[in-house]
Amino acid sequence: MTPQPHLHTAIESAATHTAQLDLTGLLSGSGGILLLAGGLLYAVCKGDDKPGPKGSKENEQAAAKALAAAGQGLWRATRITARYLSGKELHPTSPTTKRSTATWWKVGRPIPTLEDSGKAVAQLGSVAAAPPRISLTKPRPGIGRRIARRSVARDGALARFLHASAPVWRTLSTALAWTARTARATARVLRAVRAAMDAWHCWPYVYRAAARWIALAALCGLVVPAWRGWALGGVVLALVGGTLAAQRWTPPGPSDDALYGPPLWAALRPLLGLPEDAQRHEWLHLPDQLRAEGARIRLKLPWSFVGSDHEKDVLSALMNSRLPGEWAGRWHRQGQEQYADWTHKRPAKTAPDPEPPAKVDLFGERMQEAIEAAPEGTYILGVDAQDEITELPLIGEESHIAVSVGTGGGKSSLLQTLAVQVIRQRGTVVAIDPKMVSLQCLHGIEGVHIYDDPGQGGDMRRVLEWASQVTDSRFYEMREGCTEFPPLFLFLEECNELTDILKAVWAETKESGAPSQDPIWTKVASVLRRGRQVNVHVVAVFQDLRDTDFGGVSLGLLFPYKLMGAYAKKQWDRIIGSNVAMPPSERKAGRLVGVKNGNAFRFQAAYAIVEDPEDRKLTKEERTEEAERRMREYATTLRARHGWNRDRLYVLPPTPSPRRRPDLLERMSRDGAALGANGAPLGGPDDETAGHLSHEGADVTATQGGVTAPRDRLRLVPGQAGHPAQEDLQDPTAPPELLPLAEISRRLGPAEGVPKYDTLRQHKARRDDFPRGVEISGKECYTEAQILAYYAPSQQKNA
């Protein structure tokens, strides 16, 4: 049968519709192929019942056109099929019409189009931001509260019902919660899949080709009944894998070149006088990431560009207004190629923060003049970062200092500097120093009282009680009209170690029924609160300021001044708090940070600087010894020049007890030859005085009672303690030392035949012949000779 004219029309229509299909999905490509094949088959098979004239020229021309159209359609179909199976777009694209920058292996970025820009611009400002609504009416109670009210009004019937049905409601709420979680998870999965499908044009060609081959294979498998099961399983696996991959993959956003390039080029082209058909990529280059380090913008300049200052400023202003960041331009106008580069503007160089001086000599002319000119109540610390003298006025509410300085930070020098200025102002210095380091150079100076024996914790506790009593007395006189009080400084070195010492003393000396926590810190807190009004100041050294370390008493807020040095981040947060910015810590002698009212300031503390002699270099120990010698001479000179004001002290601080030797040295230095391994003490009490010395009211001494205390008969082993052996001598006319039972038990102990403190208390309460003590400050005190004489018969009996 001769081909008819309608064949050309059918073939051409099928080819045209197939070529116009935008088959960007997974299934649309296979559908287009089937549609093209069906159209061709339909056009070939369909004929006309009325054949045309044979051998006519028109029929030959129609047949030729039909065959040409069929060939053109087959070529288009073949090309579309090849592009479909290779993962490319089904219609050819030019650089100006590409939807992404995807390649065969590389994930592409979307390229914004004019239509997208128009939609974005049309949406700008389309919805006005309405101000939040503020209701002044009281909100209506919720349904739960209303049900609760009704249940109360109806004698709790509804409440009983709700209580009885609580398991059902709990089960329903759990089921609803899991349903909501499943729905949210499903929604997240669907959103991820949709985002991945919307970014189909950004997929690499190899991924798109694999997806299309899988879709075509699945379609063929579903058509053939024998392959249908395998095809369904493969489709399920592909969907699951694709869903998981979609959740892990984030569609890329457009590059900065695609996002900012077209609008910037639209503004640059007229300024440069370029024709409308000038291509952007030939004249303007933008990096993919404008915020990347080293990003560079290059603009090719036409030869007609004059390059006046005004034109350069216009182009630079356009770059800075259309692109994020700040850009600085450089112009290259010589040679064949003329262009301009814009790079990130370098931040302006800022001057470094000022630093305090490296060191400040306490005995330098400037510091000595500042100390002599300081008014009463003001103390000089050093020099700050602005080269100004750092003054510390301890007047009124700001009267106490908390210090926390690490090893090598200059803490001892700081305390010595403050102490010598207190001496200059005719004040009294009372120091508790368990480490026996900081203020040793001031020992023996008038008005300086130092308690530095860790074995005499009772002395440290008594001096704190004395400071509390002086503060109370001054406060009372202030209420009576007295306004002049000389300075009294209480230095508490290593408060955390002091706390442990005082805890041990309290555990040994507290009476029955006394609180478990030592009340001494409550008295210290009272000194901190009330002492600022009567010229009593506390300088305390801490490693930590937790309330649990001080019997639950909060001390941190009572120190308006805090001085830190060589600190760590945790130490700063514990003592200062995280609300104050921490300056950098420097492990340098005297480099400190002061905090007052939440403001931190850095300064270099003054200390005695010792220079090396010309002939040799001093060691660290020699340098420290020389600095302490100079500090002692300076303090002695100040005391002699200004004197010591003892007014409003009422009584002097307690006299420190004789230094107690450690138990190990005590045992090693006994003369075991005369006593034997377990021998009784030589020269024991006679029968007339044993246990009865205090009953007659006589003045009891070690010599009058005929008792020689074992500790007085100790002899040093030759070479022991670094000096020749010698016999301890006592003044026979000196009065005996009166001590509480707890202190006597701690000093003597079972080694001397004296029972423990609990046993002593029981004997005192139950035995009529127990020695009588002397009441001091509400406590009964005894001499060591009394207790030794009372328990000596039992020692002899046991021996």
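Buried residues, meaning those under 20% relative accessible area with a 1.4 Å probe and only protein chains counted, make up 38% of the 799 residues in the protein chain. This is a predicted model, in which local features need pLDDT of at least 70, side-chain atom pairs count only at pLDDT 80 or more, and totals for chains, interfaces and linings use all residues. Residues are numbered from 1 along each chain as its sequence is written, and side-chain values use heavy atoms, leaving out hydrogens and water.

**Overall make-up**
- The protein chain holds 24 helices and 17 strands, taken as DSSP runs (H or I, at least four residues, for helices; E, at least two, for strands) and numbered from the N terminus.
- Contact means heavy atoms within 4.5 Å; of the contacts between residues at least 6 apart in sequence, 66% join residues at least 24 apart.

**Nonpolar cores**
- A nonpolar core is a set of buried Ala, Val, Leu, Ile, Met, Phe, Trp, Tyr and Cys residues joined through side-chain atoms within 4.5 Å.
- The largest has 46 residues, of which Leu492, Trp521 and Leu555 touch the most other members.
- Elements giving two or more residues to this core include helix H15 (457-479), strand E11 (488-492) and helix H17 (520-530).
- Another core, of 44 residues, lies apart from it and has Ile445, Val448, Ile450 and Phe603 among its members.

**A four-stranded sheet**
- Four strands form an open antiparallel sheet in the order E1-E2-E4-E3, where pairing requires at least two DSSP bridges between two strands.
- Strand E1 (284-285) and strand E3 (327-332) are the edge strands.
- Five bridges join strand E2 (residues 296-300) to strand E4 (residues 339-344), and Leu299 stands opposite Ala340 in E4.

How values were computed:
Buried < 20%, exposed > 50% of the residue type's maximum accessible area, 1.4 Å probe, protein only.
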